[in-house]
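Subject: Model for your files

Hello,

Here is the structure I promised you. My notes on its strands and helices follow below.

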Amino acid sequence: MKKLLIIILLVILFQGLLVQAEELTFVPEVTELNPIITKVNNLDFGNIGKVGQGDEELPLQLKGRGEVKEYKGFYRINSIGETVIVKFGEYIFEVPSGSVIELQKIIEGGPKILLDLGPNSNGKIRSEIKAPPSGRIISNNKTIEIIPPLIMTPQNRIEYTIRFQEGDYVTFKGNEEVDFDVENSVLKFAKDKMFSYRQRDSKDDLTLESVSEIKISKNGLTGKVLVMGEENLVMGEVEGSNVFIISSSSPERKEKENIIAFSKGFDKKMIFGNVDYKDLAYDFVLKTKNAKVSILLNDINFLDGNGEVRKFFTLADSVVENLVKIENGKILFKNLFGNPTVERAFTKVDPEYKSKIFTDIFIRNEKEIVEISKLGSVYSIRDLSRENGAKFDIYDYTNYGAELRGFQEEQLGLYNYYLVSGFSKSDAVAMAYYSLDLKTSIPFLRAGFYPESIKNFIYSKISFDTIKPYLDIGVPKREIFELANRKIDPLRVKEFYDAGLNLSNIFEVIMLDMKPNDQDFILYRKALSQSKLNYFVNDGGLYARLHYYGIEPEKVNVYSKVELHGSPQDIVKVIKKISPDQVKSYLENGVYYAMDMVRLFEAGIRPEESTKYRKNNKYYIYPGIDNKDIELYAETIAAGKTAKDIAAMKILGIPPKMAKKFLEQTKDLTVLTKEAENWKEGKMKELGLKIREMYSIPFLNMLYENWKVAKRPEKDIALVIVNRNDWNGVFLLEGERYYSLFNSGYHLLLAEASTDDEAEQIIKRVKNDFGEISLALIGGHGTSEGINLGPTKDEAGEIDKSDKTFFETLNTGIKKDGKIVLQSCSTGKGIGSIAELISYSSGRIVFAPNCDTSIRGFIFDGNMKFENVEYYKGLGVTQKFEPIKTK
Amino acid sequence: MGEGIILKQCQICKRGQVTPFVIAGIIIFIILALFIYSQSIQKKPKIKIEEVVFPFDIKEVESRIESCLKELTETAIKIMAFNGGFIDLGNSPVDPLEFSFLGDTARITLAYGLLGKDIVLISNYGLEYQLNGYLTEKIPKCVKFDALMIDYEGDIKVDVRVVPKSVIVNVSYPLVLKKGGLVVRTKEKYLLKMKSQIWEMRELAERIVKQQRENEGFVILSDLVAPGLNIRVAPINEITTVFDIRDDSGLIFMFGSRGVFE
């Protein structure tokens, strides 16, 4: 007996060794091309492999007869003869007869399954689990059912249906590859798939085609689809997130659901929530926002909520977009041209679309109704809700002509005259428009000038004989007006051209009395041509500025390897103020533009800190805000608000969270909010200011604080006196420019005046309350005879040459080394100008322009003290009047 | 009761029968006196003119001033409206909008109403101011005293008011005309009230640009009631639009709008 037991044990041991040996022997190399194939016939679940889920390894089990192929990354299981049931963890899948299921070995976020229904399934799925004759994928309590019919087509195409919950299902036609996210009950598939779709209380199936990748869940469809009508005619396009697309005339909505419902025949649509819909029949694009919208053919009715409608048409071979917005019960309109922001409705169907017959549409809400229509050749949008409602006719500007110019009889006469004289239609139109005299104009026309520039010469009384010498030298036409208007001797220009220097903006260098053979000029040119600034080598403006700012040519050499971008004005500022090492450092930190560099530098922001002030490739720099504010108000900035807006919010006491709320309600805090308006009104009243548009909230706040300062400021005083007779609004835009005086370290005060007496009183008050003034700026429309402050042109409204007491007040109110800037046209023009007189009478240095122009910017020295002023018409226009020095 | 009143009235009538004739007589006398006086007044200047024998009809000068005033005002309003509110676009606070049309060979220039976030539209006062300056400068030239071969002295003062439905121009231009050693004075005041909707047009333009600025380029249709005015829009590019407001008289107020709302 013992022997027998020993023999049995030995046999078992031997067999065990054999099995082990067998197992050791059969370790096949699993590759993508060479799978391990195992035939299985299990009456109950038996292990066939392992599936990894996170850190866990789940046994993969199979029940039934099938073939298991194990590839490197997945299993492929064929059912043979009958439905096979595959199970791992909590997941159970049925593989119908003759079908194949592919299963990833590693699961990330739920199993990914490819189910390939074989021809032998014959459209039927048999289940051995649970009763219904439907195949299903089961995961815990969540069920995605595959229900019949499952039909094989002759082309080996199949049709199958996926049900999410009672009544909702999607039917696919074709050999579709579909991802089942079992965990979340979401079905995903790629674009360009056509399928039948029915969800919620849909009366019929809808045929849809995916335009983008699609996700479908019990919450609706996410993505973009075309909605097909009869014979697969495209009726519209729907895009959205979790949208129920249903067929129903009277859909019901549960809270917060997004629904678009089509009536049978597609005449009527109902939209709830947030849905984008393109209507291909009436060529409009609709975007709804928490809305309830009913569409009957071409009538779009906003029953509730907000949204926008875009309607397109073609003007001059370009697509124009009429954009109508429904916001808080109001209907707003604008149009966009050239590059409409949204792909128009019809281009999906017909990319070459140009001239579809335009269809009128109506957009309405409870109170308003507007029509976008075409009458004859004119497109228009019109408010139909009221008598005399606004109507905008939209025209093609490229065909603006004599008609649009509204020629009067005399001009029409001229137009015809020019036409019969042999001029082109366009020249005739322009000549007539400017009422240009033919005799005077002909030589200009023959020389190739456009009527528009001829107008400048004629209006400025510059004859052709005057400009001919410039033409003879070879000066380009675009440069001639600036030269002739400044009466620059052609021989001065010739010197440059003879030296081979055909500079643009040549007037700038000549007005500064530079000559082509000046040592500076030669050295600048050499330095520039060898530097990365060589693209400016022919710009007179740059030479003029380098010279004007007193920059040594060697200094340009120092910057030769630095790549600076921007205008000559900004580049010269960089060279003047910022060392090459700092410039390099700014560049390394992504500050590429000279303008940004100057702003950062002047605000005292070091290169390594510059990124903290950058958002969306813009720099947010403004007095009163720092990099922490930029972070705190990040959402506000993301919504398109500027640094100035942030500064305004801080002043108004609007914290970031409230700013967000404000932004949802209104767009421009500085303009719209009642609080801001009241704040502004109160402060302006207290300071006696009336020119509302000039003051931003931060600027006004700064002025207010400066006027109300408790004790005499230690900083130098800068006083701006600005006129109240700004008839063309040119001073309204100056507020920010004056701000730069504050930024550079002055205690800036600003007051408005209508008369010379008022201006005098202001100066006296400032001297008494704040101390002597270092810099005074007087702004008003001017001539060489005087500066206008008030609405009348009589003596009281004007600072003129007879205002001796005013000049005396300047003398006593301004520091001995103080300076006066006149922001006033032509006040420095000619001998004995008002500027010269002011300098003489007040005993102070006065800066003024010698022509009609306005200030481009102030120039500060290394200590950020005012040094000079640059006017728009070039550096040469600045006249500096120094008083006669007495011992 | 009624009869009693009638009787009382009759009694009063009877008592004053002579008085009406006296009153009538006085009235006739006054009328006659006034007539004779007015005749004498009317005759006086005729006698004067005959006496002075000024070799030129001053009415001609006055009528020239009147017609110049009318024509120049009309022209100035048209130019101003067409340029977006500026007679001379060089006075626009920002460089004007220029664009090409008719196959890129012709261009049009006009002032902006909105540029960036700034409203740069001319104010109503700006219109008045320019008309003032224009008329002050142009009227004396327009009268062409040289062609009339007369010497003149006198300063012109113009006061323009641009108001709803009209432009009112008050001109004070008292002239002393001299010719052949003779001197005569023209009348001092000229008043022109010209029908024009430029006030409405500018005002509508202002509402448009304000709405655009406050609504990221949108206009609120329901807030733009514009009786008798048509608005044309010519989009130039994605952010630039030309607006053209016109009335039935052919007046066109054009302006550019280039909003940047980032």
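**A sheet in chain B**

Strand β8 (residues 176-179) of chain B is joined to β9(B) by 4 bridges, and the two run antiparallel. Strands and helices here are DSSP runs numbered from the N terminus: strands are E with at least two residues, helices H or I with at least four. Two strands pair if DSSP finds at least two bridges between them. B:K179 has B:L182 in β9(B) as its bridge partner.

Before going on, two notes on the source. This is a predicted model: local features need pLDDT of at least 70, side-chain atom pairs count only at pLDDT 80 or more, and totals for chains, interfaces and linings use all residues. Residues are numbered from 1 along each chain as its sequence is written, while chains are lettered from A and ligands numbered from 1 in the order in which they are written.

The two strands belong to an open sheet of 3 strands in chain B, ordered β5-β8-β9, with antiparallel pairing. β5 (151-153) and β9 (182-185) of chain B are at the edges with a single partner strand each, so one side of each has no neighbour in the sheet. From one strand to the next, the twist averages 25°. Angles run from 0 to 180 degrees between N-to-C directions, and axes are lines fitted to C-alpha atoms, for helices over the stretch in contact.

**A sheet in chain A, and its helices**

Chain A has an open sheet of 6 strands, in the order β34-β33-β35-β38-β39-β42, with mixed pairing. The edges are β34 (747-753) and β42 (878-881) of chain A; each has a single partner strand, so one side of each is left without a neighbour in the sheet. Neighbouring strands of this sheet are turned by 15° against each other on average, direction ignored.

Strands β38 (residues 814-823) and β39 (residues 845-849) of chain A run parallel, joined by 3 bridges. A:I820 stands opposite A:V846 in β39(A).

Helix α26 (residues 834-842) of chain A lies across β38, β39 and β42 of chain A, at about 175° to β39(A). Helix α25 (residues 804-813) of chain A packs on α26(A) at an angle of about 60°, with their axes 8 Å apart. That makes α25(A) oblique to α26(A). (Under 35 degrees counts as roughly parallel, over 145 as roughly antiparallel, 65 to 115 as roughly perpendicular, and the rest as oblique.)

Which residues of α25(A) meet α26(A)? They are A:K804, A:F807, A:L810 and A:N811, and they meet A:I838, A:S841 and A:S842. Contact means C-beta atoms, placed from the backbone, within 7 Å. Ala, Val, Leu, Ile, Met, Phe, Trp, Tyr, Cys and Pro count as nonpolar, Asp, Glu, Lys and Arg as charged, and the others, Gly among them, as polar.

**Other helices in chain A**

Helix α18 (residues 643-652) and helix α22 (residues 697-707) of chain A pack at an angle of about 50°, with their axes 8 Å apart. That makes α18(A) oblique to α22(A). From α18(A), A:K644, A:A647, A:A648, A:I651 and A:L652 meet A:I697, A:P698 and A:N701 in α22(A). These residues divide into 6 nonpolar, 1 polar and 1 charged.

The axes of helix α4 (residues 438-446) and helix α5 (residues 451-459) of chain A come within 10 Å and cross at roughly 130°. α4(A) and α5(A) are therefore oblique to each other. A:T440, A:S441, A:F444 and A:L445 of α4(A) make the contact with A:I454, A:F457 and A:I458 of α5(A).

Just after α21(A), A:G688 takes a positive phi of about 70°.

Best wishes

Methods: Contact = placed C-beta atoms within 7 Å.
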